[in-house]
Structure formats: C-alpha cells, structure tokens
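Dear colleague,

Here is the structure for your files. My notes on the strands, their pairing and the helices packed on them follow below it.

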Amino acid sequence: MIRTRTLLSDDSRLRRLGPLALPTLWGAVAVTWKLGCPLAQQPGLPMRIATSVVFFTVGTGLILGIRRGLSRELKRMRAIAHATQSVLLRPPPPRLDGLSVAAGQLSASRGAAVGGDLYEAVATPYGVRIVIGDVRGHGLAALGAVVAVLGSFREAAHDEPELGGVLRRLDRALGRHLRERARDEHPAACQGREPEHPAAEEFVTVLLLEISPDGDVYALNCGHPGPYRIGHRVESVPVGDPLPPLGAFPLPADLTSYHCTRLLPGEALFLHTDGAEDARDGAGRFFALEAVLAEAARDVSVPPAALVRRVHTALLRHTRGRLADDVALLVVRNDRMRVPAQPAEPGLRRTRPEPSPHW
C-alpha cells in the first residue's frame with residue numbers, strides 16, 4: 001500500500017513537471033551553445049541578436065510551461081472542490097412522494113458553489129420534510145455549521161416522528177460543532193471545562209416544513225423568512241411565531257409545529273433565504289422578489305427548476321452579478337393527482353369516507 005502511494009505520488013509529480021521538460025532542455029542546449037561554441041563567443045551585433053533570440057525563446061518556453069502546469073493544477077483542484085461541494089449541498093431529487101422539487105444556490109464568495117446557506121428535502125414516513133437555513137455570515141467560513149446542520153437533518157428527519165424532535169436534534173448538532181470549534185480556536189481557555197461561549201455571535205436561522213400526504217403543511221420557524229405560495233396568485237405564507245435562531249438562545253420546552261397552509265395540486269411553495277429579498281442594485285433598491293414570482297406565476301406550467309433559474313437570472317441582473325450575501329432557493333410543487341370519488345356498487349356499503357372537496 002505504501003509503495004503504491006509512493007508510485008502514485010511520483011507519477012503525479014512527473015505529470016506536473018512534464019510541461020517544463022522541453023523548455024528546460026532548450027535552456028540546457030542554449031547555455032551549452034553559449035559557453036562551448038566558439039562561434040557564439042564572437043563579438044558583433046549579429047551574434048548578440050542571435051544570442052538574445054535564443055534566450056528569449058527559452059524564457060518564453062519556461063513561462064508558458066509553468067503557466068500550463070498551473071492551469072492544469074487549478075482545473076484539477078476546481079474539479080475536486082466542485083465534487084466536494086456537490087456532495088455537501090447536493091441537489092434534491094426531482095420528485096419526492098408526488099412532489100416536484102428543485103433548488104439552487106448563489107454564493108457571494110467568488111468561485112464557490114456553496115456558502116453559508118443550506119437546504120435539503122427528504123421523503124420520510126411522516127411526510128416530505130424540508131429544511132432551509134442561513135448561517136450568520138456567508139461564504140466558505142460558514143461551511144462547518146452547514147455540515148453540522150445538514151448532517152443532523154438527514155438523520156433526524158427519518159427518526160423523529162415530530163418536527164419538534166427534528167429541530168432539537170439540529171440544535172444539539174450545531175451546539176457540538178460550536179463547542180468543538182471553540183476548543184480548536186482557544187485550547188488554552190478550555191482546558192478541563194467547556195467554553196462558556198462556544199462561538200460568540202454565530203447562529204443559524206432555520207425553517208422546517210413537513211408536507212403530509214393530503215397536502216397539509218406544518219412549520220417550525222427559527223427566525224427565517226417564510227415561504228410564498230404560488231397558485232392563482234402569489235401570497236406570503238404565515239409560519240407562526242418565530243423561535244430564536246439555532247445557537248443564539250436555548251429552544252423553548254414546547255415545540256409544537258404550526259399548521260400554516262394546505263398545498264393543493266398544482267400549487268407550489270417557494271422557499272428562500274434573506275439574501276434574495278435583501279439584494280440591492282447599484283442605486284440601493286431592493287430586489288422585488290414577489291413581483292418576479294408573480295410574473296413567473298402567469299405561466300402556470302412553469303416547472304420548479306425553471307422557476308429557480310428565472311429568479312437566479314433576475315437576481316444576477318438586478319445586482320449585476322455582485323451579490324452581498326449567499327442566496328438559496330427551493331421550490332416544491334404538488335403534482336399529486338386529484339382522485340375523484342368512485343360511486344359504490346349496488347348492494348355494497350362504502351367503507352371509506354368521501355374525499356375532501358378540496359382534494
């Protein structure tokens with residue numbers, strides 16, 4: 001195993017040095033020619049020009065070789081970073097239990113595909129559960145908290161029968177992350193005891209949603225913007241009294257989820273982080289998110305992925321590509337079919353209740 005790693009390391013080193021082989025050979029030939037050839041040592045303008053051309057060619061070759069090697073290494077590192085970021089903030093499945101789902105993110109950090117925002121949607125025995133959140137700050141420095149919250153959600157969403165239990169698991173996971181980070185940053189202050197303030201002023205706003213099979217939507221909101229419901233019109237969905245953001249204050253003892261709306265077939269929920277509504281143009285005007293959604297809602301057949309792209313495009317046009325904060329968007333549309341009531345056969349008594357007139 002050690003020998004294999006050594007061989008791979010040597011092979012990688014040879015690939016990086018490959019573009020410099022030919023310019024180096026040229027340089028060796030040029031130096032040998034200059035020092036060993038009597039003709040090259042003769043005085044005169046023509047010989048000086050020839051010598052300058054030779055060494056200029058060698059120098060240009062070395063520069064181009066170094067540049068090519070660095071370009072290949074940068075491309076490789078970008079590919080690795082993109083794969084890592086895709087695993088961390090993976091796109092949700094296009095369909096979950098009869099719901100169409102799409103999501104996307106714009107990072108304020110140049111060259112990064114993810115930042116301080118997070119989202120996830122999973123199908124569980126208790127319904128489709130969705131989380132969207134925003135870590136205080138933005139960019140790559142917030143990735144540790146994103147990992148902690150998303151990792152906990154992906155487990156707790158399947159294990160906890162109530163949304164309140166999911167939220168407590170997220171809060172405990174974030175608390176562990178903050179304490180570990182505090183110990184790493186200030187080891188001398190934490191010897192023999194837990195730090196009193198694991199990471200001052202760091203918190204995460206979170207919105208948890210649960211969509212039941214009949215379309216009822218339940219929510220727990222920790223200081224996060226509420227969603228919009230897109231149907232015949234666009235309207236803001238109430239998500240109950242806000243709880244404190246995770247990491248800022250302890251959660252209350254009672255974590256009863258709030259029944260906020262019912263998502264009928266064909267209707268969609270648009271979830272976002274505050275970077276969308278807070279985005280400004282050069283004149284300081286805020287992004288008109290609701291107006292953009294209302295314009296998109298005129299096309300009732302627009303799929304969730306196309307809606308995410310439209311809002312992204314409008315955001316970048318409004319800010320001219322200079323975002324001040326990360327932006328995460330998630331759209332979920334109810335594509336479950338209406339099932340009409342079937343008449344009972346003569347002589348048989350119906351044993352199931354009639355479907356709700358709203359479904």
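In the hairpin of β5 and β6, 4 residues lie between the strands, and Gly215 among the hairpin residues takes a positive phi near 95°. Strands and helices here are DSSP runs numbered from the N terminus (E, at least two residues, for strands; H or I, at least four, for helices). The model is a predicted one: local features need pLDDT of at least 70 and side-chain atom pairs count only at pLDDT 80 or more, while totals for chains, interfaces and linings use all residues. Residues are numbered from 1 along each chain as its sequence is written, and side-chain values use heavy atoms, with hydrogens and water left out.

Strand β5 (residues 204-211) runs antiparallel to β6, and 6 bridges join them; two strands pair if DSSP finds at least two bridges between them. Val206 has Cys222 in β6 as its bridge partner. β6 is also joined to strand β9 (residues 258-262), by 4 bridges and again antiparallel. There, Val217 stands opposite Thr261 in β9.

Of the 7 residues of β6, 6 are buried, so the strand is largely enclosed by the rest of the structure. Buried means under 20% relative accessible area, exposed over 50%, and partly exposed in between (1.4 Å probe, protein chains only). Cys222 is buried at a relative accessible area of 0%, and Cys260 is buried at 12%. The model has 0 disulfides, a disulfide being a pair of cysteine sulfur atoms within 2.5 Å.

Asn221 belongs to strand β6 (residues 216-222) and is buried, at 6% relative accessibility. A polar atom of the Asn221 side chain lies 2.8 Å from the backbone nitrogen of His224. Beyond its neighbours within four places in sequence, Asn221 is in contact (heavy atoms within 4.5 Å) with Val206, Leu207, Val239, Asp241, Pro242 and Leu243.

A separate note on the open sheet: 6 strands form it, in the order β1-β2-β11-β10-β7-β8, with antiparallel pairing. Its edge strands, β1 (95-96) and β8 (234-236), each pair on one side only. Helix α7 (residues 289-297) packs on this sheet, touching β7 (228-230), β8 and β10, and its direction makes about 15° with that of β7. Axes are lines fitted to C-alpha atoms, for helices over the stretch in contact, and angles run from 0 to 180 degrees between N-to-C directions. Helix α8 (residues 304-319) lies across β2 (99-106), β7, β10 and β11, at about 25° to β2.

Regards

Methods. Polar contact = N/O pair within 3.5 Å; in protein donor to acceptor, adjacent residues only side chain to side chain.
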